[in-house]
Amino acid sequence: MSKSSDLYDRGLKVMPGGCSRNTILRIPHPLYVEKGAGCYVTDIEGIERVDFANNMCSLIHGHAHPEVTEAVAAQLSKGTAFTIGTEVEVEFAEHIVSRSASFEKMRFVNSGTEAVMSCIKAARAFTGRSKIAKAEGAYHGLYDYAEVSQTSKPENWGDENNPSSVPVAHGTPKAALDDVIIIPFNDPDRALKILEENADDIACVLLDVMPHRIGLIPAKDDFARAMFKWTRQNDSLLVFDEVITFRSNYGGAQEWYEGIAPDLTAMGKMIGGGFPVGALAGRSDVMDVMDPHASKVLFPHSGTFSANPVTMTAGLKSMQMFDRDAVLKINKLADYARTSLIEAINLADVPASVSGEGSMFRIHMKENVPVSYRDGYVSPKESELIKTLLGHLFDDGIMMINTCTGVLSTVMAEKEIDRLSEAVLSGLKKMKNQF
């Protein structure tokens, strides 16, 4: 019995599946961490690995960055949560608002799921409408409305001209499904036709401009522009989910689209400096549906641990460090990673491809990079290939996200990228006869 298998046996007795998040599970059991330092993680068996998962995209400066830990330690000695405000909340809000022209006011919450949930509720409060539109296959957290059709399959996703609203969790109310309009990603003509059919009822179009679950494929300019224009013409709101993609530029992935300004933006993950966090920012008049000083508060909003000083301290320090130079440096390193991985695929001579922008990449077991959810749907065979490659990489000392996605941290260098591409080449060569 290893230390990890023993821990898992204990976990199985007190938690469904033996854990609190399914993403850590492995066969025959998960591994458990001893420590993390920079871009390396050591498990309790003493094995060190390069971390290209960074806790599901949430660590921009790697593990235990000394400047962050020093700032947090100082705050811990003063207290962790209070029923009165903190100065650092204001300072951090000022910093976040300063990063994007589309941000006028903002609020902090505790997760990306909560940030998206708050954006949807704010959009409904502002417009007086109940329905939302979202792209087929896109992940936006655990909220009933936000998760619709994120796992739809060929047998239930319906006609591409009118995709079905498919539940994720058993028991999802039909009313929730009826209030979510599914549009095809990167197909502006079909999307606009569907939106027009529901124009009077849609509070917002919820859009991740590089959705991880769809394939880490950037939204085409014409698609993003069509969504923006349609919301302007139909008194609806455009909500960007930048929980993952805000790391892509100093002011988020929305900087890729000149002249497009979302009304609300959801953030999370890396803006917390390694601590649980969420945030929403946007137009003042929309954000003011939460203003407690209004004669009628349209969206009462609060949260016990929202803007707690530990998260605020870690987040502010991390985002100050993630300045324009740091963004350019990490994105350049990611360009090198994507190029190196494409070279490895070519050398292995297998039908695979690489997508992604900014500081993220994803390996597909397809010859061509997909452009939509249906185009990128992972077949059972492709799923097995992904598992095989991930297992090879893990055994070779590399951690990736379970979709074969990698995200960089600012403490990485070309040597870690070279190690990754060599391991991918080795793995694909071993797998060649399985394609």
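**Entry 1: Pro28**

I began at Pro28, which sits in the loop between helix 1 (3-14) and strand 1. My helices (H or I, at least four residues) and strands (E, at least two) are DSSP runs numbered from the N terminus. The peptide bond joining Ile27 and Pro28 is cis, with omega about 5°. I noted this because most peptide bonds are trans.

A reminder to myself: this is a predicted model, in which local features need pLDDT of at least 70 and side-chain atom pairs count only at pLDDT 80 or more, while totals for chains, interfaces and linings use all residues. Residues are numbered from 1 along each chain as its sequence is written, and side-chain values use heavy atoms, with hydrogens and water left out.

**Entry 2: the whole chain**

I looked up the overall make-up next: the protein chain has 14 helices and 14 strands. Its radius of gyration is 22 Å, close to the 22 Å from the globule rule for 435 residues, so the chain is as compact as a globular protein of that length. That radius is taken over C-alpha atoms, and the rule is 2.2 Å times the number of residues to the power 0.38. Along the principal axes, the C-alpha atoms fill a box of roughly 65 × 55 × 45 Å.

Of the 435 residues, 56% count as buried. Here buried means under 20% relative accessible area, exposed over 50% and partly exposed in between (1.4 Å probe, protein chains only). Among contacts (heavy atoms within 4.5 Å) with a separation of 6 or more, 70% come from residues 24 or more positions apart.

Pairing requires at least two DSSP bridges between two strands. Strand 3 (residues 48-51) and strand 13 run parallel and are joined by two bridges. Across that pair, I found Val50 opposite Ile398.

**Entry 3: strand 5**

How many residues of strand 5 (residues 131-135) are buried? Five of the five are, so the strand is largely enclosed by the rest of the structure. I checked the directions too: Lys131, Ala133 and Ala135 point one way, Ile132 and Lys134 the other, and all are buried. Both lysines are on that list.

Strand 5 runs parallel to strand 7 (residues 202-207), with four bridges between them; Lys131 has Ile202 as its bridge partner there. Four bridges also pair strand 5 with strand 6 (residues 180-183) in the parallel sense, and Ile132 stands opposite Val180.

**Entry 4: two positive phi values**

Ser149, in the loop between strand 5 and helix 6 (174-178), has phi near 65°. Ser149 is buried, at 0% relative accessible area. Ala307 has a positive phi of about 60° and lies in the loop between helix 9 and helix 10. Ala307 is buried as well, with a relative accessible area of 11%.

**Entry 5: Val297**

I stayed with the loop between helix 9 (284-287) and helix 10 (309-321), where Val297 is found. Leaving aside neighbours within four places in sequence, Val297 contacts Val289, Met290, Asp291 and Pro292. I also noted Ala125, 172 residues away along the chain, with its C-alpha 9.4 Å from that of Val297.
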